[in-house]
Amino acid sequence: MNKSLDVITIGRSSVDLYGTQIGGRLEDMGSFHKYIGGSPTNMAAGTARLGLRSALITRVGDEHMGRFIREELAREGVDVTGVKTDPERLTALVLLGIRDEDHFPLIFYRENCADMALCEDDIDAALIARSRSVVATGTHLSHPRTEKAVLKALLLARKHGARTALDIDYRPNLWGVAGHGDGESRFVESQAVTAKLQSTLHLFDLIVGTEEEFHIAGGSTNTIEALRAVRAVSKATLVCKRGAAGAVALTDAIPNTLDEGESGPGYPIEVFNVLGAGDGFMSGLIKGWLEDAPWPRALQYANACGAFAVSRHGCTPAYPSREELGFFLERGVKDKALRKDIELEQIHWATNRHNDWSTMRVFAFDHRMQLEAMVGATPEKIGHFKELCLKAALKVQAGRPGYGILCDNRLGRRALHAASGTGLWVGRPVEWPGSRPLTLEPELGPDFGGLEEWALENVVKVLCFCHPDDDTTMQASQEETLKRLFAAARRNRLEFLLEIIPSKVGPVDDETTATLIRRFYELGIYPDWWKLEPMASSAAWEKACAAINENDPHTRGIVVLGLDAPEAELAASFKVAAAFPLVKGFAVGRTIFAQAARDWLAGRINEAEAVAEISDRYRRLCTIWDSARGAAQDNNAGGTVAEEGMI
């Protein structure tokens, strides 16, 4: 059968607000990180990260949180065709905290929420027919309206030859058998819940739960008896999660002990946060299930994904990428606190970044010192000029991907804020202009805590004038600042661009830039982006690219800076750089805006004329880059470009 989807999950979708303080009561938490949540939503994202073609069926509100869920799912690669917008109800919220290794307080804000309004009409038969499997969770069997929607999806799945799975996902207070303050509770006996679950278990090929969840499904607090009660009404493979003891798969008659079931290797790791661990486990299990892997292998995937989940903050953000999972399965555990494993965390960060920036046409107007020196410049006029620059950038972008800006906050605040949500890549400088040794903008504060105020889409850009021949005092000062800045950027979930210009400090050759790049990796600095000055020789580019690939094969890439070079010079430098696929584009400023800035600040041209001149220059530079990259790709097809292994 021709199926364009591997898995559709159906049910809860919420925004998780996770307390950032660890070790205190939820009452005392002062700040929160915002993530997508809800078991089906977590599983849709978790399986997408593992390379499956995933989709979600749910409802979200017609407001900011609903849009956040939809946009975040799309960034994770999840098909959102089945995500309906409810015009009346709000998106569900969950507040969660990490008190200690045993207590994880949470509150569900789900009174008449959007996802609980899911109905039969929301189930698209064509969407179900596209998928190899449908996965439901227990909460949506708790209400007649949502139950009808789930049953319709399951019956359609079986009609179209798709597999079906249930994650029991028992939350007593979502079934109305525990109070609002008991969100952490995982088990309360209820004959009504047991009866409702047992009426649907025959519809599933795979049923997954903890021992307590099988207790509610089977109506007994004796695990073996409960599993046998489930087996009496279902032929499904039963996967029972046993916490630190791993998990077992039971494909036939229930044995006398769980140890007789099929099991996969577990991982001895430190438990940091159990919230969302089951959804991570389920994501790995679905991968193995749909690969028709032997159950021990499928359970190995599941156990590994669960290990990541219990080791990190948040639910979906903790789940591994396919590359990360493969690395972990091959290398194993080095530090039981996985979130402190530097090598593993770098792979996690680098392989789970959002958005495709394989082409970078960046208009840089983050300049401060150069604009301040122009005749007629005042902070107010510079700020307004940067708004004109943004208008020009958006005019050239025209809603298309692959365009970006560099803009500062001190003089360009209005333009910087207006750029949010436009689809532009947005980089923001932190260095004090021209400083050497490197000094940062005062707004960051002495502890760099100012980064906490940044929009998550802003990229931390820092320019460092450095050279391999710097004296030890200069080198130590600049490196210490960069190490602290990089750590602060990561802590605040911000991408990091490192710009280095050695030619302004000393003589350069084909080895200079590569030597600096290797040094920064030795320091533990892994930029998402490198911004490098034009290098005249292919050998210099080849060495720089090799230095990056040797240390970070998952880097975003390189952008070429302009240094106020004439357009013709940039065209020549683009031609050399474009031969290397690791170079994604350019980040150029004064070549585009300098003359217009001088003329507008002096009153020689009006706003419309400034925007027209800037957009024309920016558009021409984009065309020059696109032509250079196109020619390089043609040459590559003919076998004349540098070997792939060198880029």
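Predicted model: local features only at pLDDT ≥ 70, side-chain atom pairs only at ≥ 80, totals over all residues.

Biologist: OK, what do strands β14 to β21 form, and how do they pair?

Modeller: They form a closed barrel of eight strands, in the order β14-β15-β16-β17-β18-β19-β20-β21, with parallel pairing, and the twist from one strand to the next averages 25°.

Biologist: How many bridges join β18 and β19, and what stands opposite L498?

Modeller: Strand β18, residues 496-500, and strand β19, residues 529-532, pair in the parallel sense over four bridges, and L498 stands opposite W530 in β19.

Biologist: And which strands does helix α15 touch?

Modeller: Helix α15, residues 472-491, packs on the sheet and touches β17 (458-464) and β18, with its direction at about 175° to that of β17. Helix α17, residues 538-551, also packs on the sheet, where it touches β19, β20 (557-561) and β21 (583-588), and its direction makes about 145° with that of β20.

Biologist: Switching to cysteines, how many disulfides are there?

Modeller: The structure holds zero disulfides. C464 is in none, and the nearest cysteine sulfur, that of C466, lies 4.1 Å away, whereas a disulfide needs the two sulfur atoms within 2.5 Å.

Biologist: Are C464 and C545 buried or exposed?

Modeller: C464 counts as buried because its relative accessibility is 1%, and C545 is buried too, with a relative accessible area of 0%.

Notes: Residues numbered from 1 in each chain as written. Heavy atoms only, no water. Pairing = 2+ DSSP bridges. Helix = DSSP H or I, 4+ residues; strand = E, 2+ residues; numbered from the N terminus. Axes fitted to C-alpha atoms, helices over the stretch in contact; angles between N-to-C directions. Contact = heavy atoms within 4.5 Å. Buried < 20%, exposed > 50% of the residue type's maximum accessible area, 1.4 Å probe, protein only.
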